[in-house]
Amino acid sequence: MNIEITVNGAARTVEAEPLTPLLHVLREDLDVTSPKAACQQGGCGACTVIVDGQPRRSCLLPVEAANGSEIRTIEGLAPAGGELTPIQQAWIHHYAAQCGFCASGFVMAATAYLENGGTDDRDAIVAALSGHHCRCTGYVKIIDAIQAAARGESFDLEATAAGSNTTIKGVER
């Protein structure tokens, strides 16, 4: 079956069985690798993408159900010119990721939350992230990052993360 989807602004046609998970089409057919194939049961959130403005677990979504949809992954978040979105900046500033495996799913869920009018209310953020799991962090920094982005805070990334105040092995400053 021919499936017509728009992925990160590019119209794509793929040949796939109707019940093939969107995750597999993105990763295997379109080489979009930010959605992670983790639990593949919808319970961890690592495969979250935005489909028509809503966060969806791509491992559970049959590609046929996405036919005609606009799909965004973390590769499609940054505006032209390579700047980071406010949530991506806050993620770096607040050190919200450790190993990074789950980060794209969290960032996509946070992006959808903020784009749909989310605020810096901690309980609302926790609800929006329900079902997303990280085995490295205590979630505090993730929530801090989303709250900061919701408040419209801006960050000097030269002074945080890989900036001049941080030493990274193999990188001269």
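Which helices do the buried residues of α5 pack against? Hi everyone, let's take that one together. A quick word on the model: it is predicted, with local features needing pLDDT of at least 70 and side-chain atom pairs counting only at pLDDT 80 or more, while totals for chains, interfaces and linings use all residues. Residues are numbered from 1 along each chain as its sequence is written, and side-chain values use heavy atoms, leaving out hydrogens and water.

So, α5 covers residues 140-150, and its buried residues are Ile142, Ile143, Ala145, Ile146, Gln147, Ala148 and Ala149. Buried here is under 20% relative accessible area, exposed is over 50%, and partly exposed is in between, with a 1.4 Å probe and protein chains only. Helices are DSSP runs of H or I, at least four residues, numbered from the N terminus. The partners of those buried residues are α2 (86-93), α3 (103-115) and α4 (122-128). Just after α5, Gly152 has a positive phi of about 80°.

Now to two of those partners. In α2, Ile87, Gln88 and Trp91 meet Ala103, Phe106, Val107, Ala110, Thr111 and Leu114 of α3; contact means heavy atoms within 4.5 Å. Those residues divide into seven nonpolar, two polar and no charged. Nonpolar means Ala, Val, Leu, Ile, Met, Phe, Trp, Tyr, Cys and Pro; charged means Asp, Glu, Lys and Arg; the others, Gly among them, are polar.

Last stop, His24, which sits in helix α1 (residues 22-29). His24 is partly exposed because its relative accessibility is 26%. Setting aside neighbours within four places in sequence, His24 contacts Asp29 and Gln40. Thanks, everyone!

Technical notes. Helices (H or I, at least four residues) and strands (E, at least two) are DSSP runs, numbered from the N terminus.
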